[in-house]
Amino acid sequence: KRPAGSRREPWAGDARAKRGGAARLAAAMGAVSRDGEAELDTVAAGPPRRPAVSDAVSMSAQLSCWSDCSTSTRASSSSRPPHHWKERYPDRDALIAALDGGAARALHLDGVPLLLDRDIALEIVRCNGLNLQHLRKELRSDRGVVLEAVRQNGAAIAHAALHLRADRPLMLEAVSNNGIVLHFAPTELRADRALVLAAVRQNPLALQYAAEELRGDREMVLEEVRHDPSSLQYAPAELQDDREVVFEAVSRDWQALRYASALLRDDRELLVECVRQDGLAMYLAGANLQRDRELALAAIEKNEAVFASLSEHFASDRGFLLEAVRRNCRVLTRVDEETLADPEVIMEAVAKDWHAMKYADPELCQDRDILELAISQDGLALHYASRELRRDRALVHQALRQTGLALKSASAALRNDRETVLLAVSSNGEALKFASRGLRSDREVVLAAVCADGAALEFASLSLRADGDVVLEAVRRSGGALRFAALELKGDPGIVAAAVRQDPEAVVYASEERRQEFPPHGRRVCL
């Protein structure tokens, strides 16, 4: 405890926290071997640089399997005599089967690792390379056993004897399986270009464990950013200012531009490549490029979210606003109410996409010219028309020629108009459901609907669903329409045969008597 009245330096707590954090990191990364031998060469290299946020999950997943070794007993430091594996297991198969319950429990007795024959140890690490951590010291010093372990799982090198970590072929095998284990290589191997390149190819984040001179190696960094563009953040400043290196990164992920030098963030060609992926890249552009009209419009076309910030540079340019809404009508979600009431702006937006009508001021929904332009693209645009325009017979008929389903948005009077409804159901039989009740009982209207779509029988009146001619027309076009026929017609031989001919599965809607005439699933050719 600190003596009463003594002062604590303001930085003392931070220093202790840093020392504690470094110790925990060293333990998790295997900085101290299971035999208690300090790996001074690993610790001297300094703590690893912080990985990109996008790789934090995968990094922790890889490192967690190495930190699990803290749960097993430190056998070599124990004074208790070891037991031969045959004292616990009757035969080799029993030992291998016991591994399913956990290697730490299966390979220890009284807290001491069992004495294993070399051939059994080889079989154990072939099943799981990380089982190496539960073997006795002499087996973890056996090159053949360790080689089999790292072939199965490169992370097993963390549990090998120190002299084997300095074995170049062995370490090359490990990093080729798992690049991150470059962390466990001695200093001289971290400076080995070929070995580091193999690690980086397997996992680009391995470059952070390479020797300082290799972290600045241009070819090495190029290899890394091709696999993981965000690793540009680990490159030295001179490579973050290298146009080729930065282009390799941003061509794969525009967000790597945040790690480029200020000079390259003002490079138009680089920004064009980034904006091609996402307009949000303009937020990372230099001040000069944010005033580039064509680049700004290209960004808005990809993502309307940048409109608000970019439009500040073109506040007095009405042509910029009109071109922006022409390229991306969703820009209307980023403008003020005055702009939404501007007929010219809305006309430009609707010319690009009729869905822009949903952003328009309600007053503009009474503008016939704008509605006609929207309806010429899709009759469903009638939904945005004012109540007065929905009663306009000519406008509604224009919409129905595009799609019969526009009948839903017509006035009640027009949905009860025989000519209007016939036009709708002839285009799309399903439109019958929007017709008035009286017209759904009109034989001519219903026949027109089922001729366009047999399933429209569902919306016909009960009396017409019992009409043999109407139902026959329906099932000839859609066998499943038999489902909506009157009960007595589901037993009609001619109607059922026509339905099954069109769709063999329609037999399930026939009466019990008729179903018996057909084999399972209605697989019968009806002539």
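## Close-up views of a predicted model

**View 1. Phe314 counts as buried, at 11% relative accessibility.** Buried here means under 20% relative accessible area, exposed over 50%, and partly exposed in between (1.4 Å probe, protein chains only). This is a predicted model in which local features need pLDDT of at least 70 and side-chain atom pairs count only at pLDDT 80 or more, whereas totals for chains, interfaces and linings use all residues. Residues are numbered from 1 along each chain as its sequence is written, and side-chain values use heavy atoms, with hydrogens and water left out. Phe320 is also a buried residue, and its relative accessible area is 1%.

**View 2. Two aromatic pairs are present in the structure.** One of them joins Phe314 and Phe320, whose rings are stacked, with a distance of 4.3 Å from centre to centre and an angle of 15° between the planes. Rings of Phe, Tyr and Trp (its six-membered ring) pair if their centres lie within 6.5 Å, and planes under 30 degrees apart count as stacked, over 60 as edge-to-face and the rest as tilted. Another pair is made by Trp354 and Tyr384, and this pair is tilted because the ring centres are 6.3 Å apart and the planes stand at 55°. Trp354 sits in the loop between helix H22 (343-352) and helix H23 (368-375), while Tyr384 sits in the loop between H23 and helix H24 (393-402), so the pair ties together parts that are 30 residues apart in sequence. Trp354 counts as buried, having a relative accessibility of 11%.

View 3. Helices (H or I, at least four residues) and strands (E, at least two) are DSSP runs, numbered from the N terminus. Of the 527 residues in the protein, 49% are buried.

**View 4. Helix H17 (residues 268-277) packs with helix H18 (residues 293-302) at an angle of about 15°, and their axes are 8 Å apart.** H17 is therefore roughly parallel to H18, since angles under 35 degrees count as roughly parallel, over 145 as roughly antiparallel, 65 to 115 as roughly perpendicular and the rest as oblique. Axes are lines fitted to C-alpha atoms, for helices over the stretch in contact, and angles run from 0 to 180 degrees between N-to-C directions. H17 and H18 cross in a left-handed way, meaning that the near helix is turned anticlockwise from the far one by less than a right angle (right-handed if clockwise). On the H17 side the contact is made by Arg268, Leu271, Val272, Val275, Arg276 and Gln277, and on the H18 side by Glu294, Leu295, Ala298, Ala299 and Lys302. Sorted by class, the residues of this contact of H17 with H18 are six nonpolar, one polar and four charged, where Ala, Val, Leu, Ile, Met, Phe, Trp, Tyr, Cys and Pro count as nonpolar, Asp, Glu, Lys and Arg as charged, and the others, Gly among them, as polar.

**View 5. H23 and H24 have axes 10 Å apart and pack at an angle of about 15°.** This angle makes H23 roughly parallel to H24, and the crossing in which H23 passes H24 is left-handed. From H23, the residues Arg368, Leu371, Glu372 and Ile375 meet Ala394, Leu395, Gln398, Ala399 and Gln402 from H24. The contact of H23 with H24 has five nonpolar, two polar and two charged residues.

**View 6. Val425 has its place in helix H26 (residues 418-427).** Val425 counts as buried, because its relative accessibility is 0%. When its neighbours within four places in sequence are left aside, Val425 is in contact with Ala431, Leu432, Val445, Ala448, Ala449 and Ala452. Val425 and Ala456 are 31 residues apart along the chain, and their C-alpha atoms are separated by 9.0 Å.

**View 7. Helix H28 (residues 468-477) and helix H29 (residues 493-502) have axes that come within 7 Å and cross at roughly 15°.** H28 is thus roughly parallel to H29, and their crossing is left-handed. H28 contributes Gly468, Val471, Leu472, Val475, Arg476 and Arg477 to the contact, and H29 contributes Gly494, Ile495, Ala498, Ala499 and Gln502. In this contact of H28 with H29 there are six nonpolar, three polar and two charged residues.

**View 8. Gly468 lies in helix H28 and is partly exposed, with a relative accessible area of 27%.** Apart from its neighbours within four places in sequence, Gly468 is in contact with Leu489 and Ile495. The C-alpha atoms of Gly468 and Ala486 are separated by 9.2 Å, and these residues are 18 residues apart along the chain.

Notes. Contact = heavy atoms within 4.5 Å.
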